[in-house]
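We will walk through it together.

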Amino acid sequence: MEGNIAELGKYIGVGLTAIGMGGAAMGVGNVAGNYLSGALRNPSAAASQTATLFIGMAFAEALGIFSFLVALLLMFAV
Amino acid sequence: MATEAHGSESSLVFHPMDQFKVTPLFGDGPVHWYTITNVTLWMAIAVVGVILLLVVGSRGRAVVPSKGQSIAELTYGFVYKMLEEVTGKDAVKYFPYVMTLFIFIVFSNMLGLLPLSFTTTSHIAVTGVLAVLVFLFVTILGFVKNGSKFLALFWVSSAPMAVRPLLAVIELISYFVRPVSHSIRLAGNMMAGHAVIKVFAGFAPIILFSGIGVVVTPVSILAITGMYALEILVAFIQAYVFTILTCVYLKDALHPAH
């Protein structure tokens with residue numbers, strides 16, 4: 001089981017960047033949950049806000065995507 | 001055809017990322033920019049599908065629409081309403097571009113869900129071109145429409161004077177990061193879902209080798225079914241998100257003031 005230490009560090013780093021995607025999951029869940037609680041309070045206004053919901057989700061998700069990008073770069077480019 | 005990309009499946013040992021390999025359709029030489037590959041094939045199929053839906057769908061123009069015509073009309077109306085709501089009435093002249101983006105992406109995503117097919121949008125090379133084109137289009141349009149006033153997008157006039165330079169730097173970074181997040185969101189979502197399905201597909205035949213398969217095989221087949229249903233949803237939502245973000249960027253270009 002001898003290998004090089006750089007490879008080990010690389011895979012540990014890839015694993016650590018995956019935590020960032022968990023943060024994005026919390027963000028997206030927060031957006032959806034708050035939308036739902038707002039929509040249940042005022043259902044008549046809900047339909048007009050679905051576009052805002054998806055835009056908010058997309059922006060929250062973008063930061064998770066950056067950690068995914070870092071993971072990909074570590075795996076295949078470094 | 002696509003079986004070449006999945007050639008290793010017959011041995012029941014395969015890599016979940018094998019499905020994303022770009023292979024030439026004829027022979028197995030190196031891939032040049034003009035080589036006809038499975039990406040070319042599935043993009044062509046997507047284009048043919050779009051033509052079939054929209055051209056053949058709108059041919060009848062019946063008052064009581066047929067099935068094809070209703071789908072074509074629904075798609076058109078859906079994108080039109082989205083552009084009008086998010087960007088505003090004055091953006092309607094850019095509707096053809098937005099519609100092209102939406103329908104091409106939705107077709108590529110959905111075709112990628114067919115067994116043995118190839119998901120063109122799972123490649124950053126494909127989505128990157130789409131996203132960079134949107135970015136260039138929006139930036140050039142912003143400068144042509146507003147001139148130097150377009151730079152007001154980075155100067156948040158509603159913030160206190162002291163933090164405005166800092167905000168300008170943040171806004172500038174977030175502006176140039178747009179094509180990156182725009183493309184990787186689509187490619188990453190398509191790639192991740194398909195890879196997960198393949199991982200479960202790798203567990204499914206375990207019943208042939210070991211007794212634990214009595215539990216693992218039904219669970220993984222159920223998981224494939226569930227993931228597949230989720231993927232249909234994701235394929236549509238990601239096309240929707242890509243289009244709606246294009247609309248948001250268009251709005252920034254047309255009305256840059258904060």
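The paragraphs below go from confidence, to each chain, to the place where the chains meet.

Before we start, this is a predicted model, in which local features need pLDDT of at least 70, side-chain atom pairs count only at pLDDT 80 or more, and totals for chains, interfaces and linings use all residues. Residues are numbered from 1 along each chain as its sequence is written, while chains are lettered from A and ligands numbered from 1 in the order in which they are written.

Chain A has a mean pLDDT of 88, with 99% of its residues at 70 or more. Chain B has a mean of 87, and 95% of its residues reach 70 or more. A contact here means that the C-beta atoms of two residues, placed from the backbone, lie within 7 Å. For the complex, the predictor gives an ipTM of 0.78 and a pTM of 0.86.

UniProt, in an unreviewed entry, places the feature "transmembrane region" at residues 12–33 and 53–77 of chain A. Such positions are given in the numbering used here, feature names are shortened, and annotations may be inferred rather than shown by experiment. What does the model show there? Residues 12–33 of chain A are 100% helix and 0% strand, with end C-alpha atoms 32 Å apart. Residues 53–77 of chain A are also 100% helix and 0% strand, and their end C-alpha atoms are 35 Å apart. The unreviewed UniProt entry also has the annotation "domain: V-ATPase proteolipid subunit C-like" over residues 12–74 of chain A. Across residues 12–74 of chain A, the chain is 94% helix and 0% strand, yet the end C-alpha atoms are 10 Å apart.

Now move to chain B. Chain B has six helices and zero strands, and its C-alpha trace spans about 70 × 55 × 40 Å along the principal axes. Of its 258 residues, 27% count as buried. Buried means that 20 or more other C-beta atoms lie within 10 Å of a residue's own; exposed means 12 or fewer, and partly exposed lies in between, with C-beta atoms placed from the backbone. Among contacts in chain B between residues at least 6 apart in sequence, 63% join residues at least 24 apart.

H3(B) has 17 residues and reaches 24 Å from its first C-alpha to its last, close to the 24 Å expected at 1.5 Å a residue. That expected span is 1.5 Å times one less than the number of residues in the helix. The buried residues of H3(B) include Phe102(B), Ile105(B) and Phe107(B), and what covers the buried residues of H3(B) includes H1, H2, H5 and H6 of chain B.

H4(B) has 23 residues and reaches 32 Å, close to the expected 33 Å. Its buried residues, among them Val126(B), Leu130(B) and Val134(B), pack against H3, H5 and H6 of chain B. Phe135(B) touches Arg178(B) and Pro179(B), not counting residues up to four places away in sequence. Just after H4(B), Gly147(B) takes a positive phi of about 65°.

Of its 44 residues, Phe102(B), Ile105(B), Ala239(B), Val241(B), Ile244(B) and Cys247(B) touch the most other members. H6(B) gives the most to this core, with eleven residues. Ile105(B) touches Thr121(B), Leu186(B), Ala239(B) and Phe242(B), not counting residues up to four places away in sequence.

Finally, where the chains meet, the contact takes nine residues from chain A and twelve residues from chain B. The side of chain A that touches chain B has eight nonpolar residues, no polar and one charged. In this grouping, Ala, Val, Leu, Ile, Met, Phe, Trp, Tyr, Cys and Pro count as nonpolar, Asp, Glu, Lys and Arg as charged, and the others, Gly among them, as polar.

Note on methods. Core = buried A, V, L, I, M, F, W, Y, C linked by C-beta atoms within 7 Å. Helix = DSSP H or I, 4+ residues; strand = E, 2+ residues; numbered from the N terminus. pLDDT = per-residue confidence, 0-100.
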